[in-house]
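I opened this entry to look up a few side-chain contacts and surface features. The structure comes next, then my notes.

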Amino acid sequence: MVKIVVINGSPRKNGATAKLLNKMIEHLVNMQNVEVEYIHISDYSLEPCSGCMSCYRTSVCCLKDNVEEINKKVSEAHGLIIGSPTYSSSMPGSLKTFIDRGHFVLEQSLIGKYTFALSTYEIAGGDNVIKELKTLYQYSGGIMSGSYACKLPFNASPFADGRVERTIISKTNKFYRAIVGKKSKSMFNAIINFVALHIVMKPQVLKRPQQYKAVIDRWRLLDIVKRQ
């Protein structure tokens with residue numbers, strides 16, 4: 001069974017971002033052996049990251065809300081799709097809060113997972129959101145498997161123009177084929193992840209093994225560092 005987590009990062013549960021994600025889900029669930037978990041970030045009251053770094057020692061966030069529940073769903077998935085509207089040329093604060101607390105980068109939580117980035121925007125900045133999501137995916141070990149920045153008038157139906165529906169279905173097909181075909185990372189994707197992990201993060205983490213105990217334990221499981 002192929003498990004895919006789809007996250008709507010918009011505060012609007014029925015906005016354009018949600019409609020595009022639902023079109024992807026509608027198409028995916030008609031494919032063979034696909035199970036989709038759909039998450040609205042707006043359903044959760046997530047506290048902002050306090051910067052205490054205790055998760056790097058213990059592997060779990062000290063703030064007691066639903067973030068670890070979402071993290072577990074992501075950890076069990078083969079694929080991850082995040083959709084976001086564009087607010088001030090970036091993603092909404094609610095989605096950024098989840099990403100800040102999602103154990104993504106240092107823990108390399110997206111290794112082996114196929115990822116897709118979706119943004120909607122009215123005037124400009126949609127490509128900035130795609131870039132932010134791609135950076136998250138690449139730094140976290142994910143396999144980039146598609147993206148789509150969709151320009152739409154405010155409150156317009158994304159499917160008023162038939163080209164949008166054709167595009168989202170085509171990109172969904174490619175995403176699915178990447179998963180079932182076990183597509184490898186592109187060379188660029190692999191280089192970005194290698195530099196982020198081995199050149200930037202690894203030397204700093206290994207200097208402070210007590211502070212980053214849970215991260216190092218995770219790296220041992222992934223054979224990033226030698227097991228003891």
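**Aromatic rings and a surface patch**

I looked up F116 and F175 and found both of them buried. The model is a predicted one, and I read each entry below with that in mind.

I then asked how many aromatic pairs there are by the rule. The count comes to three. One of them joins F98 and F104, with ring centres 5.7 Å apart and planes at 90 degrees, so I noted the pair as edge-to-face. F98 is buried at a relative accessible area of 0%. F104 also counts as buried, at 3% relative accessibility.

I went back to F116 and F175 and read their geometry. Their ring centres are 6.1 Å apart and the planes stand at 70 degrees, so this pair is edge-to-face too. I placed F116 in strand β4 (residues 114–121) and F175 in helix α6 (residues 162–180), so the pair ties together parts 59 residues apart in sequence.

Next I checked for a charge over a ring. The charged end of K23 sits over the ring of F159, 5.2 Å from the ring centre.

Last, I turned to the surface. I found a nonpolar patch there formed by M187, I191, F194, V195, I199 and V200. Together they have about 600 Å² of accessible area. I199 belongs to helix α7 (residues 187–207).

Terms used:
Residues numbered from 1 in each chain as written. Predicted model: local features only at pLDDT ≥ 70, side-chain atom pairs only at ≥ 80, totals over all residues. Heavy atoms only, no water. Patch = residues over 30% accessible without salt bridge, like charges linked within 9 Å, V, L, I, M, F, W, Y side chains within 5 Å. Areas by Shrake-Rupley, 256 points an atom, 1.4 Å probe, with all protein chains shown as cover. Salt bridge = Lys/Arg side-chain N within 4 Å of Asp/Glu carboxyl O. Helix = DSSP H or I, 4+ residues; strand = E, 2+ residues; numbered from the N terminus. Phe/Tyr/Trp six-rings, centres within 6.5 Å; stacked < 30°, edge-to-face > 60°. Buried < 20%, exposed > 50% of the residue type's maximum accessible area, 1.4 Å probe, protein only. Lys NZ or Arg CZ within 6 Å of the ring centre and 35° of its normal.
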